[in-house]
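Please look over the sequence and the model shown below before reading on.

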Amino acid sequence: MTFELILTAPPSANAMRSAFVAQGRVRQVKSPAYTKWLKLAGQELLEEKAKSRFSTRMPPPPYEISIYVGECNIRRDLDNFNKPILDFLKTQGLIEDDSVKFVHSVLVQKSPFASEKGKVRINIDYFGENE
């Protein structure tokens, strides 16, 4: 079973957190850019759910995840797409966890299949016990 989702490209994994010093200790919080993307991606996911493109109950692991990156206006490393997307999928309940116990492979590639500029296409393949 494969589930496909198209989202706005996330900020780089390097830009997910903002650090500051408080009471002599370094603290980290979600950056404004990452917080903004999480909200936007959540809205895009709700739109996909409204189209009834998938069940709200996802099959059990293991998962294989493919991330197809469209054209971007900024220079960035391809591997910096993984972390924010996998964390989002986990937070939204689309995958049980993003550890190697549950996610058996992650493919990230630049591709025209990503749809429009500034977007990513995410395919989640489920190979759980019910498949």
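**Salt bridges and the strands they join**

R121 is buried, with a relative accessible area of 14%, where buried means under 20% relative accessible area, exposed means over 50%, and partly exposed lies in between (1.4 Å probe, protein chains only). This is a predicted model, in which local features need pLDDT of at least 70 and side-chain atom pairs count only at pLDDT 80 or more, while totals for chains, interfaces and linings use all residues. Residues are numbered from 1 along each chain as its sequence is written, and side-chain values use heavy atoms, with hydrogens and water left out.

- A search of the whole structure finds four salt bridges, a salt bridge being a side-chain nitrogen of Lys or Arg within 4 Å of a carboxyl oxygen of Asp or Glu.
- R121 forms one of these salt bridges with E4, and the closest N and O atoms are 3.7 Å apart.
- This pair links distant parts of the chain, since R121 lies in strand β6 and E4 in strand β1, 117 residues apart; helices (H or I, at least four residues) and strands (E, at least two) are DSSP runs, numbered from the N terminus.
- Because E44 lies in helix α1 and K119 in strand β6, the pair ties together parts that are 75 residues apart in sequence.
- Both E44 and K119 are buried.

- Helix α2 covers residues 82–91, and within it P84, I85, L86, D87, F88 and L89 are buried.
- The cover over the buried residues of α2 includes β1 (2–8), α1 (32–50), β4 (63–69), β5 (103–110) and β6 (119–126), where contact means heavy atoms within 4.5 Å.
- D87 and K83 are four residues apart in helix α2, so they are separated by about one helical turn.
- An α-helix has 3.6 residues a turn, so residues three or four places apart point the same way.
- D87 is buried at a relative accessible area of 17%, whereas K83 counts as partly exposed at 42% relative accessibility.
- After α2 comes G93, whose phi is positive, near 80°.

**Aromatic pairs**

- The rings of Phe, Tyr and Trp (its six-membered ring) pair if their centres lie within 6.5 Å, with planes under 30 degrees apart counted as stacked, over 60 as edge-to-face and the rest as tilted; by this rule the count comes to three aromatic pairs.
- Y34 and W37 form a stacked pair, 6.2 Å from centre to centre with 15° between the planes.
- Y34 and W37 are three residues apart in helix α1, so about one helical turn separates them.
- Y34 is buried at 5% relative accessibility, and W37 is buried with a relative accessible area of 4%.
- Y63 and Y126 form an edge-to-face pair, 5.2 Å from centre to centre with 85° between the planes.
- The pair links distant parts of the chain, with Y63 in strand β4 and Y126 in strand β6, 63 residues apart.
- Y63 counts as buried at 2% relative accessibility, and Y126 counts as buried at 0%.
- Y34, W37 and F88 form one aromatic cluster.

**Nonpolar core**

- A nonpolar core is a set of buried Ala, Val, Leu, Ile, Met, Phe, Trp, Tyr and Cys residues joined through side-chain atoms within 4.5 Å, and the largest one here has 28 residues, those with the most contacts inside it being I65, L89, V120 and I124.
- At least two residues of this core are supplied by each of β1, α1, β4, α2, β5 and β6.

**A buried loop residue**

- S111 is placed in the loop between β5 and β6, and at 7% relative accessibility S111 counts as buried.
- Not counting residues up to four places away in sequence, S111 touches Y68, V69 and G70.

**Confidence of the model**

- The mean pLDDT of the protein is 85, and 89% of its residues reach 70 or more, pLDDT being the predictor's confidence in each residue, from 0 to 100.
- Among the elements of the protein, α2 has the highest mean pLDDT (94) and strand β2 (residues 17–22) the lowest (80).
- Where pLDDT is low, the predicted coordinates should not be read in detail.
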